[in-house]
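Here is a short tour to follow in your viewer. Have your selection tool ready and take the stops in order.

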Amino acid sequence: MPKLSDRVSTFTDSVIRRMTRIANAHNALNLSQGFPDFDPPAEITAALSRVALTGPHQYATTWGADNFRRALAAKQERFAGYSVNPDTDIVVTCGGTEAMMAAMLTVCNPGDRVIVFSPFYENYGADAILSGAEPIFIPLTPPEYAFDPAALEEAFKQGVKAIIVCNPSNPCGKVFTSEELALIGRLATKYDAFIITDEVYEHILYAPHKHTYAAALPGLRDRVLCCSSLSKTYSMTGWRLGYIIGPAEVIEYARKVHDFLTVGAAAPLQEAAVTGLLLPKSYYEDLRELYTRKRDYLIKGLDEIGLKHNTPQGSYFVMVDISDFLALDCFRGWSDLRFCEWMIQTVGVAAVPGSSFFRENVNHLIRFHFARGEDTLKEALTRLARLEHEVAARQKGA
Ligand SMILES: Cc1ncc(COP(=O)(O)O)c(C=O)c1O
């Protein structure tokens, strides 16, 4: 058989999807792959039923249906506080995933350097491979997940094309403050780089943390490509609706990249999702309350079990520290991956080994997501409470 491209040989298997497969094989509760187990708002599903009869069923405008872009521009203005021209500043994509890929392909030449904070969402590695960009990793140091401004400036000095900022962050739940974003903005301006933001969790935040849209900060509009999606905000990860909002000069080309990648996002789904974009402020307040209850429930349960964890400021992930377990004789030399596999088999709860998110050698954190109904979270905590017993049994046998 002829040789495949060098590009594909550098892809690794997704650890998250691997954990899901193992979880399914053992009938475990899957808190690894992060998506809600509840439906989108009823207004949106009702709109979807109507659209099934009325259409549209053919291609929408390649860069997004007119009414979808208008509703999106209005929503961005409402929450981010800056004006967006729906005719020039938006491209609608197949999820935030395509938005990030299209943004990278639009601004990066092969060999260009891109700053990525570590831990990072695993797709950024693939985005870099596909666009030919070379990531420079800057650590976000647990438990606060702060970064060192001097190290960041050193990275910019190497000559970078863009910096990727996942805010709020998957996996560590960090919400970048406006001061941190302003500092990133000053460096991006000084070294003339783009800021590509991944803001898919923009509405999943925990008080007192607030979301700052980097593009809304003074002087940054022309260099920020805001990538986001409807997946998390409206609990519709399967609809694959995302977008880039940015300066018209860049969006003009991002639209072409998107056109040749996918032609367009699903027309009937855009039509139905307009209803979501027009939902009142109370919807977003309710969403925040819902996730705050889930987060608080899970972390209270983890505290009661005695599992150390961070307290996410945003997104729906919590990192649990397993270093006390790994220090025991019975787990000597174990990786976090092996521990996660063992946990699935013994207590029936799946997490993602943190090492798959970090560039640095971090082996003591595992990630749970909590976009699940309270019954599932309750059952997960009941099962995790058995960890101590399982560990003791293993230790006895060691
Ligand atoms: C940080 C981050 N960006 C992007 C995505 C993908 O979003 P979408 O479903 O819109 O492609 C995810 C999904 O988990 C994510 O966590």
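Two strands count as paired here if DSSP finds at least two bridges between them. Keep in mind as you go that this is a predicted model.

With that in hand, select strand β7 (residues 224-229) and strand β8 (residues 242-245): they pair in the antiparallel sense over 4 bridges. Click on Cys227 and look across to β8, where Ile244 is its bridge partner.

Now widen the selection to the whole sheet.

Move on to the ligand. Of the 13 residues around the ligand, the nearest are Gly95, Gly96, Thr97, Ser229 and Ser231. Helix α5 (residues 95-107) gives the most to this shell, with 3 residues. Colour the shell by class and you will find 3 nonpolar, 9 polar and 1 charged.

Finally, zoom out and colour by domain: domain 1 is 6-40 + 282-387, and domain 2 is 42-278. Their centres, taken over C-alpha atoms, are 25 Å apart. The contact takes 33 residues from domain 1 and 31 residues from domain 2. On the domain 1 side, α11 supplies the largest share, 6 residues.

Notes
Residues are numbered from 1 along each chain as its sequence is written. This is a predicted model: local features need pLDDT of at least 70, side-chain atom pairs count only at pLDDT 80 or more; totals for chains, interfaces and linings use all residues. A residue is near a molecule or strand if its C-beta atom, placed from the backbone, lies within 6 Å of it. Helices (H or I, at least four residues) and strands (E, at least two) are DSSP runs, numbered from the N terminus. Ala, Val, Leu, Ile, Met, Phe, Trp, Tyr, Cys and Pro count as nonpolar, Asp, Glu, Lys and Arg as charged, and the others, Gly among them, as polar. Domain bounds come from an automatic or database domain assignment. Two residues are in contact if their C-beta atoms, placed from the backbone, lie within 7 Å.
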